[in-house]
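Hi,

Here is the structure I promised to pass on to you. Have a look at it first, and my notes on helix packing follow below.

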Amino acid sequence: MSGDSLQIVLRVVDVLEELGARYHFGGSWASSIHGVPRQTQDLDLVVDLPHSAVPILVSRLEGEFYLDEERIRLAIQKRSSFNLIHLATGFKIDMFLRGPGEFDRLELERSGPQRIGAGEERVVFVKSAEDTLLRKLQWYRLGGETSERQWTDALGIVKEQGDRLDREHMRRWAGDLGVSDLLERALEHRPE
């Protein structure tokens with residue numbers, strides 16, 4: 001992530017922290033932390049945001065970001081997602097509301113602090129390696145198992161994390177997410 005993108009992301013993180021909203025970085029950014037780094041043009045944030053926080057979120061970010069207050073409220077109600085687009089750069093942040101399930105709750109609890117940035121380092125919360133891997137496999141499955149990017153990200157996590165991965169945790173939740181076979185295939189993959 002470039003310095004400009006990082007500053008944009010940290011602006012949003014500052015507001016989330018001001019609101020006391022739990023969050024973590026997910027998607028390609030998390031898989032780059034836990035696996036093989038790759039460039040990405042956006043950021044996925046998972047957030048537990050109450051309706052009462054919407055007016056403050058909007059007031060703190062409007063003018064800097066394209067955002068739709070009604071879309072945010074609907075996303076909270078439906079536990080779906082909304083976008084923030086930085087007006088000056090076009091950098092996009094996809095905000096995913098924490099889902100209603102037990103894995104969704106646990107995933108947010110298991111996220112951990114990660115130092116980011118050069119010079120002035122900051123601590124942000126990042127999805128765990130295991131949960132990032134499981135979600136990558138889930139997205140791979142939901143996409144008809146055609147996204148080479150999702151599969152490569154998953155294999156990169158296995159390669160880089162190796163024996164540090166909590167296989168018991170992943171196997172426990174892979175069944176619920178419908179990716180047990182993909183998990184086993186990823187864990188058995190041997191890099192060339």
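In what follows, two residues are in contact when they have heavy atoms within 4.5 Å. Please keep in mind that this is a predicted model.

With that cut-off, Trp151, Leu155 and Val158 of helix 7 meet Leu182, Arg185, Ala186 and Leu187 of helix 9. By class, the residues of this contact between helix 7 and helix 9 are 6 nonpolar, no polar and 1 charged.

As for the geometry, two packed helices are described by the angle between their axes and the distance between the axes. Helix 7 spans residues 148-161 and helix 9 spans residues 180-188; their axes come within 9 Å and cross at roughly 55°. Helix 7 is therefore oblique to helix 9. The crossing of these two helices is right-handed.

The other pair I looked at is helix 6 (residues 129-142) with helix 8 (residues 167-177), where the axes lie 10 Å apart at an angle of about 25°. Angles under 35 degrees count as roughly parallel, so helix 6 is roughly parallel to helix 8. Helix 6 and helix 8 also cross in a right-handed sense.

Which residues of helix 6 and helix 8 meet? From helix 6 they are Glu130, Asp131, Leu133, Leu134, Arg135 and Gln138, and from helix 8 His169, Met170, Trp173, Ala174 and Leu177. The contact of helix 6 with helix 8 divides into 6 nonpolar, 2 polar and 3 charged residues.

Best wishes

Technical notes. Residues are numbered from 1 along each chain as its sequence is written. This is a predicted model: local features need pLDDT of at least 70, side-chain atom pairs count only at pLDDT 80 or more; totals for chains, interfaces and linings use all residues. Side-chain values use heavy atoms; hydrogens and water are left out. Axes are lines fitted to C-alpha atoms, for helices over the stretch in contact, and angles run from 0 to 180 degrees between N-to-C directions. Helices (H or I, at least four residues) and strands (E, at least two) are DSSP runs, numbered from the N terminus. Angles under 35 degrees count as roughly parallel, over 145 as roughly antiparallel, 65 to 115 as roughly perpendicular and the rest as oblique. A crossing is left-handed if the near helix is turned anticlockwise from the far one by less than a right angle, and right-handed if clockwise. Ala, Val, Leu, Ile, Met, Phe, Trp, Tyr, Cys and Pro count as nonpolar, Asp, Glu, Lys and Arg as charged, and the others, Gly among them, as polar.
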